[in-house]
Amino acid sequence: MDINEKVRVRFAPSPTGALHIGGAHTALFNWLWARHTGGTFILRIEDTDRERSTAEYERTIMDGMKWMGLDWDEGPDVGGAYGPYRQTERMKEYTDTANYLVDQGKAYKEGDAVIFKVPRGEQVTFQDVIYGDISVASEKASMNTDGSIKDIVMIKSDGRPTYNYAAVADDHAMNITTVIRGEDHIANTPKQILIYRALGWTPPQFAHLPMILGGDKKKLSKRHRATSVFEYSGMGYLPEAIFNFLALLGWTPGGDIEIFDRDLAVNKFELSKVTKKPAVFDMKKLDFVNQEHLKAMRPDDRRKAIEPFWRELGLSPGSFAPKYLEDSLALMGGRGKTTKELAEFSDYFLEFGPVKSRYTAEEVTPKERETLNKFFASAFAEFGPDIWDARGLEAFAREWCEKNGASLKEIAMPMRFALSGRRVSPGVFEIASILGREECMKRLSHYGFVR
RNA sequence: GGUCCCAUCGUCUAGCGGCCAAGGACAUCGCCCUUUCAAGGCGGCGGCACGGGUUCGAAUCCCGUUGGGACCGCCA
């Protein structure tokens, strides 16, 4: 690669499934490198597997990338000077080039297929940006399981190109300067370099990314619970958190920074600093990263992220003032790892229904009830709607308890249950303040805490 | 089986010959805060796989061993 040449990288998924974590990781690193260098990020669809590829999956992959905030400069939908960007639309080029190699005597036909003849006695060496020098004898670049040399299929009997050949043809045609892909492709690289050589083309630079492993230390695959980015979005993970977390798998911005946004990542990203060791996908850390992003979010963004999950619970955030919902959420503080959890934890701000289904006040003894009645009678007498606020309420409660020989807990816990239906919640007086005097009256009366 | 790759706390990592009796983060444990739970603060536990070299000096360089992974489809 010419040092002055503008970086051109590509993400080349095959549309045979949704965008999974591994693919998202690869796409992310390609994107980071393009954005960091001011280069071009290309999306190419490798749809030569006619049985498994669908337009639906192609769309899903694009949606997944958009969800993560990975935009591309050239691709099947946006076009570009090196199109088309779908392999099924580049068939002529593949056959022409393969035929050229046949004419040169470097490949041969076998029925409708075209097979590349693996040369002997050559050394294939390349300098991986991440792994360093990798070298293998040409005879060993493509082998059968028994170790014998295996020629490389370029065009299949159905007329379509194979991955190893199409990738070469396209990366060359699209002027890709750096091929950034998973480490599982490291073994394919020598085969591809052999094809570049036969064609007289200069190979691009290669950068292989460490694999992402499941808890069993095996390459992450469908067997490992959620693998598509949309499953994570459905579980309540924020795109910026997935972005952040995935970037941390094999790379760090340095300076002990672990929580960051896209801009910082773009700014600091360095391909040569990516680690070689495969990384285990740790959900616990993802939870942490997600929680940090949740905490750092602007109130209205947080509200918008949570609204879909409220709706999923059958609640109607649309019937409340945004400010009310945002204040409620602000109260949740650091509680909740995901938007989904936050929606669940805050359901009582939107409706009394969930509270009633969770709490019946069965265990409250007559004596406890009497104390509660006395307390709330004076509290409601003391605080009108205009001065119904957390601070005042709390101070009043503390004073009242002291005077009446009760513990704050005796008041706070039943009150918490009556207002939220939960044993665990933010401060009760703050909840009361947000809910408002009238709503509190309603809920407390329902349980007979107020007469 | 063959080829290639990898190797720092359970996990993600910093470290690129002396600043390391190895730093940070997650997880975990304990304490503080406290109306509950989080959050926050403080602290604990925990690692350079092993063996040889090279060097005045090695987590850092070399070799070997062991362990792990990827690939070996007319799938990509």
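Let's start with Asn 30. Is Asn 30 buried or exposed? Its relative accessibility is 0%. Buried means under 20%, so Asn 30 counts as buried. Keep in mind that this is a predicted model.

Where does Asn 30 sit in the chain? Its place is in helix α1, which covers residues 21–37.

Next, its surroundings. Which residues does Asn 30 touch, once we leave aside neighbours within four places in sequence? There are Val 9 and Arg 10, and there are Phe 41 and Ile 180. Look at Ile 180 on the screen. The side chain of Asn 30 reaches the backbone oxygen of Ile 180. The distance there is 2.9 Å.

One more distance for Asn 30. Take Glu 74. Along the sequence, Asn 30 and Glu 74 are 44 residues apart. In space, they are 13 Å apart, going from C-alpha to C-alpha.

Now please turn to the sheet. How many strands form this open sheet? The sheet has 3 strands. Their order is β3-β4-β7, and the pairing is antiparallel. Which strands are at the edges? They are β3, residues 107–110, and β7, residues 152–155. Each of these edge strands pairs on one side only. From one strand to the next, the twist averages 35°.

Let's zoom in on β4 and β7. Strand β4 spans residues 113–116. It is joined to β7 by 3 bridges, and the two run antiparallel. Which residue in β7 does Ile 115 stand opposite? That residue is Val 153.

To recap: Asn 30 is buried, it lies in helix α1, and its side chain reaches the backbone oxygen of Ile 180. The open sheet runs β3-β4-β7.

Key. Residues are numbered from 1 along each chain as its sequence is written. Chains are lettered from A and ligands numbered from 1 in the order in which they are written. This is a predicted model: local features need pLDDT of at least 70, side-chain atom pairs count only at pLDDT 80 or more; totals for chains, interfaces and linings use all residues. Side-chain values use heavy atoms; hydrogens and water are left out. Helices (H or I, at least four residues) and strands (E, at least two) are DSSP runs, numbered from the N terminus. Buried means under 20% relative accessible area, exposed over 50%, partly exposed in between (1.4 Å probe, protein chains only). Contact means heavy atoms within 4.5 Å. A polar contact is a pair of N or O atoms within 3.5 Å; within protein, one must be able to donate a hydrogen and the other to accept it, and residues adjacent in sequence count only if both atoms are side-chain atoms. Two strands pair if DSSP finds at least two bridges between them. Axes are lines fitted to C-alpha atoms, for helices over the stretch in contact, and angles run from 0 to 180 degrees between N-to-C directions.
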